[in-house]
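Here is a friendly walk through one part of a protein model. Have a look at the sequence and structure first, and then read on.

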Amino acid sequence: MKKLANRLYSISGKGLFSIPVFIVEKSPEELYMIDCGLEKDAKTIIKKITKQWGSIDKIKKILFTHRHLDHTGGLQEILAEISQVNENHKVEIICHKDEAIKFEEEVKIKPTKTIEHETVIDKDLGLKAIHLPGHTLGHLCFFFEKYKIILLGDIVMDLGLTLRPVFKKFHDDYEQWRRSLKLLLIYNWEFGVPTHLSARKISRKRLEKFISKYAI
Ligand SMILES: [Zn+2]
């Protein structure tokens, strides 16, 4: 478990293709999860959350950047574990409205709530969804205004020494992704956190260079 900012943590999966999931600590009793990771990583993630916060049913909302299985594969198992611990507990499953149909088709779970561009998730935390379509049509980034950090989902891949786009074939609409990139510059974040590899903060300066290379 890695602390990225006050109340923002990441938990990494184990192997190749694993992505980190993010935990937002609204309070020690109330957690929001962003993405679920691969199915094979679900057990590790459940274990780490339970160890840190005492019980998996502290999760009240699960938000998704997008529907791809490396981000959603663990959902079934996480929900099963939550209902085993507390059968009356309802978790909100949230994605962008343009992602909902394909999300249900591919993940086999219907989102309980859909959101739009600039929907405020939590006012106290200054947490807001930013719709940046292209990688998928309902792809969301999550902006923590208060801490000036934006979670970028699959908008950019961190390969260590270089930042790269996700392979073209995995985009719903590559050209739209390129057109969307500029939207990120409107917001006053100082760090962006891509998925893939381990979650780490990339400076605005470095990300601006990436954006200027690919944006149209
Ligand atoms: Zn993806």
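## A strand and its partners

I149 stands opposite F191 in strand 13. Strand 13 (residues 191-195) pairs with strand 11 in the parallel sense, over five bridges. Strands here are DSSP runs (E) of at least two residues, numbered from the N terminus, and two strands pair if DSSP finds at least two bridges between them.

Before going further, note that this is a predicted model: local features need pLDDT of at least 70, side-chain atom pairs count only at pLDDT 80 or more, and totals for chains, interfaces and linings use all residues. Residues are numbered from 1 along each chain as its sequence is written.

I149 is also the bridge partner of F144.

| Hairpin | Residues between the strands | Positive phi in the turn |
|---|---|---|
| Strand 10 and strand 11 | four residues | K148, about 55 degrees |
| Strand 11 and strand 12 | four residues | G160, about 90 degrees |

Strand 10 (residues 140-144) runs antiparallel to strand 11, and three bridges join them. Strand 12 (residues 163-164) is also antiparallel to strand 11, with two bridges; here D158 has L163 as its bridge partner.

Why is strand 11 largely enclosed by the rest of the structure? Eight of its ten residues (149-158) are buried, so the strand is largely enclosed. A residue is buried if 20 or more other C-beta atoms, placed from the backbone, lie within 10 Å of its own.

Now to a contact list. Not counting residues up to four places away in sequence, I34 touches V21, F22, V24, L63, T65, F142 and L151. Contact means C-beta atoms, placed from the backbone, within 7 Å.

Key:
Two residues are in contact if their C-beta atoms, placed from the backbone, lie within 7 Å. A residue is buried if 20 or more other C-beta atoms lie within 10 Å of its own, exposed if 12 or fewer, and partly exposed in between; C-beta atoms are placed from the backbone.
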